[in-house]
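Dear colleague,

Please find below the structure that I am handing over to you. My notes on what was found in it follow directly after.

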Amino acid sequence: MSDQKFPEHLAIEKKFPGSVFDWHAQHGDRTLIIDAARSFDILKFLHDDHGYNVLVDLTGVDYLPRKPRFEIVYHLMNLSTKARLRVKIQSDELHPEVASVTPLFPIANWLEREVWDMMGVKFSGHPDLKRLLLYEGFEGHPLRKDYPLQHRQPRIGPKDQ
Amino acid sequence: MRKFNQPSTNGGHQFDPGAALHGQIMTTQFDKLLGWARKYSLFQYPFVTACCGMEFMSTACSHYDIDRFGAAFPRFSPRQSDVLWVVGTVSQKIAPLLKNVYDQMAAPKWVVAFGACASCGGPYDDYSTVQGIDLIIPVDIYIAGCPPRPEAVLDGLLKLQELIQNTRQVTP
């Protein structure tokens, strides 16, 4: 385990004081937990000034008893230096809303729709936030830990009949 | 079954169909003939949605050769097919499409549920999976396995052919 702060961490702390809540770099997995309210600016900073031009993945995690409940994870990559960075933000149950990064990474459009579909985390500023995998008329968000496992929704019929 | 094997009695003065066709024709019931014809000319519609498709392809290709049983011809229009093979997991989202495909097939038609997922939902006891396609459409043969071995598929096919032969045929 490394306890050396890495350059991106120091740069963010300098530009956005107090925005890094926690961090680690275990086995080279450099991870930052940052302030949700300033997440768009920090990700834009990483994208524009540090060359993290690929959003490898964007996922959500539900840690149900914990507060804040949701965690949104961004896996970033710099194609020039091959550096990888993981950025997490924590989201509250009452206001599960975070800023969309679709203006920075076009791939985030569908990834954020998937997180909305499965977790019910809203992304403000998303151009078209609707379900990606499930159908219209499905109620609830099935990957939330409090969604009943064997709950069955009414089956949908053919569209044209 | 009765053969025309009676010897000629008219001295050979006229054409005698009994003698001419000796040993070459036999009688049966029309229903059984129709069943025999139907069971060896199955046109299939493979509705392949998941990993069971690999076993279906393995069964259909030369190694196991489903053609030996008169069921080789996959049609990619449900209107031209007799057997609907539902191969794999059917999600709630695709269920209306499966119903549409079944409704488009012309009678007589049969449905095979291929593998655990199509038969009963398999391991997916959750929000997204239909717990067996018999909740949507009638099923004639269920093939067990996750996925079923090609031998099991051929066994299911033979059972389907037995079922086709032994049911009263829908006459046109």
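Chain B contains six helices and five strands, where helices (H or I, at least four residues) and strands (E, at least two) are DSSP runs numbered from the N terminus. The radius of gyration of chain B, taken over C-alpha atoms, is 21 Å, well over the 16 Å that the globule rule (2.2 Å times the number of residues to the power 0.38) gives for 172 residues, so the chain is more spread out than a compact globule. Its C-alpha trace spans about 80 × 35 × 25 Å along the principal axes.

This is a predicted model, in which local features need pLDDT of at least 70 and side-chain atom pairs count only at pLDDT 80 or more, while totals for chains, interfaces and linings use all residues. Residues are numbered from 1 along each chain as its sequence is written, and chains are lettered from A and ligands numbered from 1 in the order in which they are written.

The five strands of chain B form an open sheet with parallel pairing, in the order S2-S1-S3-S4-S5; two strands pair if DSSP finds at least two bridges between them. Strands S2 (73-74) and S5 (141-143) of chain B stand at the edges with a single partner strand each, so one side of each has no neighbour in the sheet. Between strand S3 (residues 83-87) and strand S4 (residues 110-114) of chain B, which run parallel, there are five bridges. B:Leu84 has B:Val111 in S4(B) as its bridge partner.

Yours sincerely
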